Amino acid sequence: MQYRKDKYGNDISILGYGCMRFTRKGNQINYEKAEEEIMKAYELGVNYFDTAYIYPGSEEVLGRVLKDNNIRDKVNIATKLPQYMITDSKGINKYFTEELKRLRTDHIDYYLMHHLTDIEQWKRLKDIGIVKWIEDKKNSGEIRNIGFSYHGNTDNFLKILGDYDWDFCQIQYNYLDRTTQAGEKGLKAANEKGIPVVIMEPLRGGKLVNMLPEEAKKEFTDSGRNWSPAEWGLRWLYNQPEVTCVLSGMNSIEMVEENCITASDATAGKLTDDDQEILNKVVSIINKKEKVGCTGCRYCMPCPKGVDIPGTFACYNTMYTERKKEGRFQYAQTVALTREPSFASQCVGCGMCEKKCPQSINIREKLKEADKALRPLHYKIGINIARKYMFRKTKKK
Ligand code: SF4
Ligand code: SF4
């Protein structure tokens with residue numbers, strides 16, 4: 001196992017255990033199986049275990065395994081505040097206390113504001129006193145590092161990153177998401193600030209393994225490298241020194257062993273030009289199935305009406321390279337569920353963006369097409385309800 005440093009010089013294993021996908025037996029997590037897998041990962045050097053308040057049963061199982069096997073102080077626990085469920089300062093402490101109890105511990109090593117998509121959500125938390133609360137918890141030693149997990153667009157990521165003295169952050173990043181979500185730009189910006197970056201969705205929830213076009217799989221097979229599609233995805237991440245730890249939701253001993261071997265062997269800068277070329281070809285095969293040839297360069301931004309042009313096109317393409325449901329889900333997360341939404345339908349047709357697009361995309365037409373596909377009537381209704389709930393007024397401290 002290889003290790004990279006956190007902000008304070010502590011070692012974090014470059015493979016982290018994502019605890020949201022433990023095997024279930026009926027309504028419960030299969031405790032014995034989860035214990036075996038967690039302990040195998042620990043024996044092979046994994047020291048970072050990531051869970052969250054809302055992963056059903058996950059915090060309890062992780063806490064019990066660490067306690068029963070007497071390894072709590074030998075590993076790091078990362079868990080998350082369900083900030084979207086909190087309306088006042090009392091709520092913050094209530095969830096945190098419950099999490100400590102579930103995890104059978106008196107401190108959390110890496111604590112995250114869960115699922116921020118917009119600077120407004122962070123400002124809302126500040127309004128109800130989160131900054132003072134964090135200071136108190138860090139002073140008492142109950143929280144060692146404070147961070148946030150992020151799912152919005154690059155611009156909002158940079159705003160949140162710059163708005164507080166974070167210890168770390170967690171982003172969705174993989175060889176397809178180089179220019180969407182926080183993207184490579186976000187990764188580099190965090191690194192420049194000396195903030196470790198934990199990666200989630202390194203294989204787009206398994207889609208870079210299970211839903212790869214046959215032509216793309218053939219590129220990997222013909223490469224002469226004896227790497228599985230999963231290994232290609234992980235190696236691409238480990239190749240970048242700005243990546244600190246890559247989370248994998250492992251739920252078999254074979255998966256744990258395979259990922260630990262990769263994490264022992266794949267050093268930064270190890271991929272050759274030929275390897276990068278193969279990955280580029282795979283990306284272009286996936287992209288061929290896309291609806292819009294947007295590269296995500298962002299030259300067209302900002303739009304005076306607040307439309308997230310590359311974000312919209314990324315979601316539209318996802319509908320055809322992956323699944324319709326996936327593209328619509330991403331659209332809801334990155335475009336629709338922000339305080340100031342950036343819907344394609346906000347476009348007034350000024351044409352400024354098209355003059356700047358190096359791909360000569362007919363942006364106005366494509367935006368109309370994309371919005372129609374991404375927001376069918378039942379999604380519009382669901383999004384409106386979710387927005388009312390998420391952006392309701394909160395009591396000030
Ligand atoms: S044409 Fe539409 S998307 Fe493009 S800059 Fe104008 S308002 Fe924004
Ligand atoms: S300028 Fe064109 S290619 Fe670049 S992000 Fe905008 S639409 Fe996409």
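Begin with the second largest pocket, which has a volume of about 420 Å³, the volume being the space filled by probe spheres set on grid points joined across faces, edges and corners. A pocket here is an open set of points on a 1 Å grid over the protein atoms alone, where a 1.4 Å probe fits, with protein on both sides within 12 Å along at least five of seven lines, and lining residues have an atom within 4 Å of a point. This is a predicted model, in which local features need pLDDT of at least 70 and side-chain atom pairs count only at pLDDT 80 or more, while totals for chains, interfaces and linings use all residues. Residues are numbered from 1 along each chain as its sequence is written, chains are lettered from A and ligands numbered from 1 in the order in which they are written, and side-chain values use heavy atoms, without hydrogens and water.

Select L176, T179, N287, E290 and C294, the closest to the centre of this second pocket among its 22 lining residues. Next colour α13, a helix that gives the most to this lining, with six residues; helices are DSSP runs of H or I, at least four residues long.

Move on to ligand 2, where C294, C297, R298, C300 and C357 come nearest of the 13 residues around the ligand, a residue counting as near if one of its heavy atoms lies within 4 Å.

Finally, turn to the largest pocket, which holds about 980 Å³ of space. Select M20, R21, E201, R204 and G205, the closest to its centre of 38 lining residues, and then α14, which supplies the largest share of that lining, five residues.

Conventions
Helices (H or I, at least four residues) and strands (E, at least two) are DSSP runs, numbered from the N terminus.
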